[in-house]
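Here are my notes for you, as numbered points. Have the model open beside them as you read.

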Amino acid sequence: MTQHKFSFVFCLLLWVAVASLSAQTTNTTYFMKTYSNRTSLNPALRPEQGYLGMPFVLNNLYVDVKTNSLNMDHLTFRQDKELLSFMHKDVSADKFLKGISPNNFANVDFNYSLFSFGFYKGKGFWNVDFTIKAHADANIPYSAFELMKRGFAMNEPSYYNVKNTRIKANTYAELGVGHSRPFLNNTLVVGAKAKVLFGLADFDVHIRDMKVDAGLDEWVVRSYATLNGSAPGLKPVFDEDQIFDTYEWKESFGIPGMGMGVDLGATYALSGLSELTNNDTWSDILNRLTVSVAFTDLGFISWSKGNSSHLYSSLEDEVITGNFNIDFDDSTSLEDDIDKIKDKVEEIIEFKEGEAKSRTTSLRTNMNFGIEYEILKNKLSAGVLSTTYFNSSHTMTEATLGLTYRPASWVETAISYSFVHSKFDTFGFAVNFVPARGVHFFLASDYIIPHVNSEFMPVTSKGINLQMGFSIPLGKRVMSKK
């Protein structure tokens, strides 16, 4: 029997984001016609050539972190050549909190494709892939950070009311089969992918309401929160007062969750409308324009009762007293401070065990809408892509401007500029080497120039991602027609 301490609540996503920053598909690749994995953004986007991606050969790796405000520049402060944690006594509460938004979002994604296969059959394009996906997202409100900075290092009585704090993380395997086909004289392409999902783990912490009356000698805390978890053989462990202490994983065979999903997409070349106008200029513009729309990861996973746990704290039932102050006087390490805060929050929220039951969770759905203008046929194009992420705790929209250039038949490049809340300040870049025979290789990032500190940690960037992989080309190329 292996026992693991489960870390959660306010700072879990902060910890994940910090760890990830020290190390799906990039939007920059959306308009690249040679890119084999473009069907993951829109199942109607067909690559020019079939492909085979093999396991253990870095088929397709994708890592992504996004936030609207929680970058390192908000969590660390340089003073007298020393980098201080936001909890350090020399960092004033006003200085720290002025950079915190009313709601602070963060997303972390990791995808690794173990196997992928795409091929043309007549006018149709088929693709099959098996992918491991991990995703975490959080909403941490301003009041939670105020409690951390003012409450845990307090020197006078105070009151805090923290609402709607949510952190969710899941991991699952996905087996997908996709098909796309052209209609209306090849101007309309419709695509869909059906997916079988194998749930591996899922945790959802939701603090709906927490009231903290912080006195100099004692605190009174009333919390209304839930902690739902699912994993192989998952069992909660409680102390002598029947208060949740940790999780343990018992030996278990089988998969804790099963589900279904679907991707839907379409592209339409406006050349099909050029006959409706007698204006040569407008006719030429329509012949060069293509619009596209897609909804990806529509689906759910059902988790079995035997591998699930339900914990709760009730605002009406429990009043907790004690002194919960933390000494941050000599603190310089952000990692140590997050650990201290995490441990203290675990003390003041007393989770009790509820009735275990099966549960169903939805996937993080994405919506993509793109417009592409072909400047030089099969050579140069420009486009704009709008992407909306429907997370469990928040919705985030991103706009990306892209320029794709193909100097030769065997190489395609792209540059992009992305906006999240109009505050991104980095460019994206992608390159795809696509010889007719041999090996294809791609490398892409939406944010290639992050501002870093002396420890090479991003400080002002609100997003960082990387995607790369190899594949073997199959069949003849099918060039774009308009």
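1. A network of salt bridges links K133, E174, K195, D263 and D297. A salt bridge here is a side-chain nitrogen of Lys or Arg within 4 Å of a carboxyl oxygen of Asp or Glu. By this rule the count comes to 18 salt bridges.

2. Before going further, a word on the basis of these notes. This is a predicted model, in which local features need pLDDT of at least 70 and side-chain atom pairs count only at pLDDT 80 or more, while totals for chains, interfaces and linings use all residues. Residues are numbered from 1 along each chain as its sequence is written, and side-chain values use heavy atoms, with hydrogens and water left out.

3. R406 and E48 form a salt bridge whose closest N and O atoms are 2.8 Å apart. Because R406 lies in strand β21 (residues 395–408) and E48 in the loop between α1 (12–21) and β2 (50–53), the pair ties together parts that are 358 residues apart in sequence. Helices (H or I, at least four residues) and strands (E, at least two) are DSSP runs, numbered from the N terminus. Are the two partners buried or exposed? R406 counts as buried at 6% relative accessibility, and E48 counts as buried at 3%. For these labels, buried means under 20% relative accessible area, exposed over 50%, and partly exposed in between (1.4 Å probe, protein chains only).

4. The bridge between D94 and R150 has its closest N and O atoms 3.0 Å apart. D94 lies in helix α3 (residues 93–97) and R150 in helix α4 (residues 142–151), so this pair ties together parts that are 56 residues apart in sequence. D94 counts as exposed at 54% relative accessibility, while R150 counts as partly exposed at 29%.

5. What about helix α4 as a whole? Seven of its 10 residues are buried, so α4 is largely enclosed by the rest of the structure. The buried ones are S143, A144, F145, L147, M148, K149 and G151.

6. L147 turns up again in the largest nonpolar core, which has 42 residues; F86, F96, L147, M210 and V212 have the most contacts inside this core. Strand β9 gives the largest share of this core, seven residues. There is also a second, separate core of six residues, which includes M32, Y35, A414 and A430. A nonpolar core means a set of buried Ala, Val, Leu, Ile, Met, Phe, Trp, Tyr and Cys residues joined through side-chain atoms within 4.5 Å. As background, nonpolar side chains tend to be buried together in soluble globular proteins.

7. Do look at the sheet around β8. Strand β7 (residues 124–141) runs antiparallel to β8, and 15 bridges join the two; the bridge partner of D137 in β8 is K168. Strands β8 and β9 also run antiparallel, joined by 25 bridges, and R166 has H206 as its bridge partner in β9. Two strands are taken to pair if DSSP finds at least two bridges between them.

8. The side chains of R166 and D204 meet in a salt bridge, 2.5 Å from N to O. D204 lies in strand β9 (residues 188–214) and R166 in strand β8 (residues 158–183), so the pair ties together parts that are 38 residues apart in sequence. D204 is buried, with a relative accessible area of 8%, whereas R166 is partly exposed, at 22%.

9. Which residues have backbone angles worth a check? In the hairpin of β8 and β9, which has four residues between the strands, L184 takes a positive phi near 50°. N164, which lies in strand β8, has a positive phi of about 55° although it is not a glycine. N164 counts as partly exposed at 46% relative accessibility. N378 is found in the loop between β19 (365–376) and β20 (380–390), and its phi is near 60°, a positive value in a residue other than glycine.

10. Finally, the surface. M54, F56, V57, F115, V439, F470 and I472 make a nonpolar surface patch of about 660 Å². Patches are made of residues with over 30% relative accessible area and no salt bridge: like charges are joined within 9 Å, and nonpolar side chains (Val, Leu, Ile, Met, Phe, Trp, Tyr) within 5 Å. Accessible areas come from the Shrake-Rupley method with a 1.4 Å probe, and for residues only the protein chains shown count as cover. I472 lies in strand β25 (residues 463–474) and is partly exposed, with a relative accessible area of 36%.
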